[in-house]
Each structure stands twice: as C-alpha cells, then as structure tokens.
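Hi,

Here is the structure I promised to pass on. Have a look at it first, then read my notes below.

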Amino acid sequence: ELETISRLRGVTLVLPSLFSELEQPALRNIVEELRGARYIREIVVTLGPCNTEEFRFAQEYFSVLPQKTTLMWIHGPRLQSLLDLIVTKGLNPGPDGKGKQAWLSFGYVIAEGNSDVIALHDCDITTYTRELVARLIYPVASPQLDFEFCKGYYARVTERMHGRVSRLFVTPLLRALTIMVGHRPSLEYFDSFRYPLAGEFSMMTNLARLNRIPSDWGLEIGVLAEIYRNCSRKRICQAELCENYDHKHQDFSLDDAEKGLHRMAVDIANCLFATLAT
C-alpha cells in the first residue's frame, strides 16, 4: 500500500548521523533494512563533524542504498561557506547538533521540491526493522487518514527501564507545572504524548516549511511546540513503531552541564520554558 501511495506522495527519510555511528552494527543493520523500503523516494544523510577521508568513506558506505541518497557534509567547505553567508544575513542556525542537521536537511528537501512527506529517525537504533519506518510514515503519507504530523512511541524496557529523561524529568516537570499553574491546553498537549522525547517523527513537507527548529537537545520538544502552533490538533497523531526499542545510552554527566543527560535536561528545560512563555 505504501508503494502505491508513494507514486502520488513522494517520501524523503532524513538520517542525522555522526561519523562514529558508521562504525557501529546498529547503522549497518538500518542501511540493510532500508534497502527494501521501496516507497522511500530519497534518503538524506546529514553527517556530523568529519574530515575529507571520512566523508569519502561515508559516500561509499551509503552507496549500497537503491534509493536516491544525498549526503550533507555539515563541516564540508561548501556547506560551511553557505552557513557563513546565512549568518552574515542575520539568520544564525545555532551550534552544531541534531537540530541543526534537521534544519539543514529540511531546507534541502523543501528547496528540491519533490517530496510531500519528510520522516526522521536516529541512526543508533539497535532494534531496527523496516516495519518501524513504515509505521512512522504511513499515517502522514496515507491520503485516507489526513494527518499532517506523526510522533513515534514505543516501550523502552530491557533488563531495566530506559527513557530516563522522559520518565524522571520531562513528565514529572509537566505535571508539576500543571499543579502549580493549573490546566493549560499547551501543558495537556505536551503531556498527551506517550514518549515526548522520541527521536522519530514524520510530517507533511509544507508543515516543515513553517516550523522553527532548535539546534540543541531541545529538538523534540521544540518540534512538538511548533506543531502545536501551526497544526490543528485533529491532524496530529502518535504511532507505536515497534514492540520494544533500544539505542545507545548517554552518561548522566552529573558534574558537567555541557555533556550527556545533564546537558539534555538543561536544553529541554530551556526550550520548554521559552515555549510556555510565548
């Protein structure tokens, strides 16, 4: 059904990646699984800090994909020249991070003008199968469902409970705010997502054109905030992507606010409070 839909609605998948992930089995499995996803028109890989030799390796690495595949070398001379020009015009896309990679890739897809649906997921998913990306794309791509945005969710359970920032910080913070200031539509909206920090989402390309995107770890909350501003609630959905999900885990980094889950919590809090203030 997705292959039939894709003839009418082009689908682009964005993969924000670090070069170190090319050396891990998780991404090798993702690439192998995506070879069979014939409904994806193009795959855009945004590659974080790397040198020329590593970029050439990445080109060879992703060349096995049958879909049109575009690599964006974030620190390459051509893209850096473009970013410098953008900054001189008063539009600073912010520091390096997943959000900046998403912003650049969405801009490329919009400028290219051949895709109606953009999907994004991480490159460190160790439990990945092709079913995950199909479930992510289908609610937005299907003309019968009429959704503009889909947020993924899943269980995070192995021998322990994962999703620490969601369980121990974001959800308690949202519910504490509700107790303090009372029920607000925006707080209820954020709390309605079963996994607000899931890194997987899909949207109509026209919606991506409207959304401002944080460059830091506030990406997931920031995207949800922009969807709240720009989209009717009845056109927003959640989709369970898989039975269980695992990926690499960040350190707590209790003593350093510039790293790990400590930085993630700070960035998320900044984004959430700024959003609620506006």
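Strand β1 (residues 11–17) runs parallel to strand β2 (residues 42–47), and 6 bridges join the two. Bear in mind as you read that this is a predicted model.

How many of the residues of β1 are buried? The count is 7 of the 7, so the strand is largely enclosed by the rest of the structure. Val 11, Leu 13, Leu 15 and Ser 17 are on one side, Thr 12, Val 14 and Pro 16 are on the other, and both faces are covered.

Now go to strand β5 (residues 149–154). Here 6 of the 6 residues are buried, so β5 is also largely enclosed by the rest of the structure. Phe 149, Lys 151 and Tyr 153 point one way, while Cys 150, Gly 152 and Tyr 154 point the other way. β5 pairs with strand β6 (residues 201–204) in the antiparallel sense over 3 bridges, and Cys 150 has Ser 202 as its bridge partner there. With strand β7 (residues 236–242), β5 runs parallel, joined by 6 bridges; look for Tyr 154 opposite Cys 242.

Phe 149 is worth a click. Leaving aside neighbours within four places in sequence, its contacts include Phe 201, Met 203, Leu 207 and Ile 236. Phe 149 is also one of the residues that touch the most other members of the largest nonpolar core, which has 91 residues. Helix α6 (residues 130–141) gives this core its largest share, 7 residues. In soluble globular proteins, nonpolar side chains tend to be buried together.

Last, two loop residues. Are they buried or exposed? Ser 142, in the loop between α6 and β5, counts as buried because its relative accessibility is 1%. Beyond its neighbours within four places in sequence, Ser 142 is in contact with Ile 5 and Arg 9. Asn 92 sits in the loop between α4 (77–88) and α5 (98–112), and Asn 92 is exposed, with a relative accessible area of 56%. A polar atom of its side chain lies 2.9 Å from the backbone nitrogen of Gly 94.

Cheers

Technical notes: Residues are numbered from 1 along each chain as its sequence is written. This is a predicted model: local features need pLDDT of at least 70, side-chain atom pairs count only at pLDDT 80 or more; totals for chains, interfaces and linings use all residues. Side-chain values use heavy atoms; hydrogens and water are left out. Helices (H or I, at least four residues) and strands (E, at least two) are DSSP runs, numbered from the N terminus. Buried means under 20% relative accessible area, exposed over 50%, partly exposed in between (1.4 Å probe, protein chains only). A polar contact is a pair of N or O atoms within 3.5 Å; within protein, one must be able to donate a hydrogen and the other to accept it, and residues adjacent in sequence count only if both atoms are side-chain atoms. A nonpolar core is a set of buried Ala, Val, Leu, Ile, Met, Phe, Trp, Tyr and Cys residues joined through side-chain atoms within 4.5 Å. Contact means heavy atoms within 4.5 Å. Two strands pair if DSSP finds at least two bridges between them.
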